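Notebook open. I want to look up the sheet and the ring pairs in this one.

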Amino acid sequence: MRLGVLDVGSNTVHLLVVDAHPGARPLPAHSHKADLRLAQLLDDGAIGDEGIESLVAVVRDALQAAEDKGVEDLLPFATSAVREARNADDVLTRVADETGVRLQVLSGAEEARLTFLAVRRWFGWSAGKLLVLDIGGGSLEIAYGIDEEPDAAASLPLGAGRLTAGWLRQDPPAPDEVRALRRHARAEIARTVGEFSRFGPPDHVVATSKTFKQLARIAGAARDADGLYVQRELKRESLEAWVPRLAAMSAAQRAELPGVSEGRAGQILAGALVAEGAMDLFGVERLEICPWALREGVILRRLDHMGPA
């Protein structure tokens, strides 16, 4: 069947269309996305009328794209920007009333578990104990385990978009802004390390998300055009060398780096500080980039509930 996943995230609203059936890997058929940046539209903790109207319009466009591509089943969900908005219920009601789409709001722990499922399916059982890191626009998800359901999962308010808006107000950022954000990110991550370290060291450390993919590309990993199955990794020493360089650049200069999109150039530094802190505090020297993440996890869970073909 043809499935569609509508992901209302903190940075983008992304419709992923796949051809799938139980027991088979989902095959991407179409991708439709819009840079809405809901996390930056929050005003005093709420999404304003203009932001809601923009969201409704984008969801309508995604619905039309899903119809055009013959989607039989649409799985719509929202993550941290909507989840943490003070007027989340009003936002969800407006979207449902004006588009017919009822967004399922995922908790941070659910995000971490579904992303972990996608990574486990991608790498398989031979990867052993997995530590999975995912930096989104609004939050950082961490999960650890040896099965398809992680033994530990956490979500921290350390998304690249959120931190950029709240901590890095100048372009390029002032050195004291960078230091303050670095301290904040590491303090938040350090509170969770003990929860994971009691399970022992992981056999394989994996990262997902656009932020990690772009950081790996900056550090010399293969391009997206080289295909899904090319191994891509990020070494901590490479990241540590790049952080001060990113901090000295303006957003326009970062946008000229390989793999960095103009829309995310402003927040790649915040993402790098979080990634560096997580790798350091968890004792990770290198990690591998997984092309599957939350959207694929949602699809896989849906297929599991359908049962065998």
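Which residue in S9 does Leu133 stand opposite? I looked it up, and Leu133 faces Ile142.

Ground rules first. I am working on a predicted model, where local features need pLDDT of at least 70, side-chain atom pairs count only at pLDDT 80 or more, and totals for chains, interfaces and linings use all residues. Residues are numbered from 1 along each chain as its sequence is written, and side-chain values use heavy atoms, with hydrogens and water left out.

**Sheet.** I took helices (H or I, at least four residues) and strands (E, at least two) as DSSP runs, numbered from the N terminus. Two strands pair if DSSP finds at least two bridges between them. S8 (residues 130-135) and S9 (residues 140-145) run antiparallel, joined by 6 bridges. I then traced the whole sheet: it is open, has 6 strands with mixed pairing, and its order is S10-S9-S8-S11-S13-S12. At the edges I find S10 (152-156) and S12 (233-235), each with a single partner strand, so one side of each has no neighbour in the sheet. From one strand to the next the twist averages 20°.

**Helices on the sheet.** Contact here means heavy atoms within 4.5 Å. Axes are lines fitted to C-alpha atoms, for helices over the stretch in contact, and angles run from 0 to 180 degrees between N-to-C directions. I see H4 (residues 108-123) lying across S8, S9, S10, S11 (204-208) and S13 (286-289), at about 55° to S9. H10 (residues 268-281) also packs on the sheet, where it touches S8, S9, S12 and S13, and its direction makes about 160° with that of S8.

**Rings.** Rings of Phe, Tyr and Trp (its six-membered ring) pair if their centres lie within 6.5 Å; planes under 30 degrees apart are stacked, over 60 edge-to-face, the rest tilted. I count 4 aromatic pairs in the structure. Trp122 and Tyr229 are stacked, 5.5 Å centre to centre with 10° between the planes. They sit 107 residues apart, Trp122 in H4 and Tyr229 in the loop between H7 (210-218) and S12.

Buried or exposed? For Tyr229 I get exposed, at 59% relative accessible area, while Trp122 is partly exposed at 22%. (Buried is under 20%, exposed over 50%, partly exposed in between, with a 1.4 Å probe and protein chains only.)

Phe196 and Phe282 make an edge-to-face pair, 5.8 Å centre to centre and 80° between the planes. Both are buried. I also noted that ring pairs link Trp122, Tyr229 and Trp292 into a cluster.
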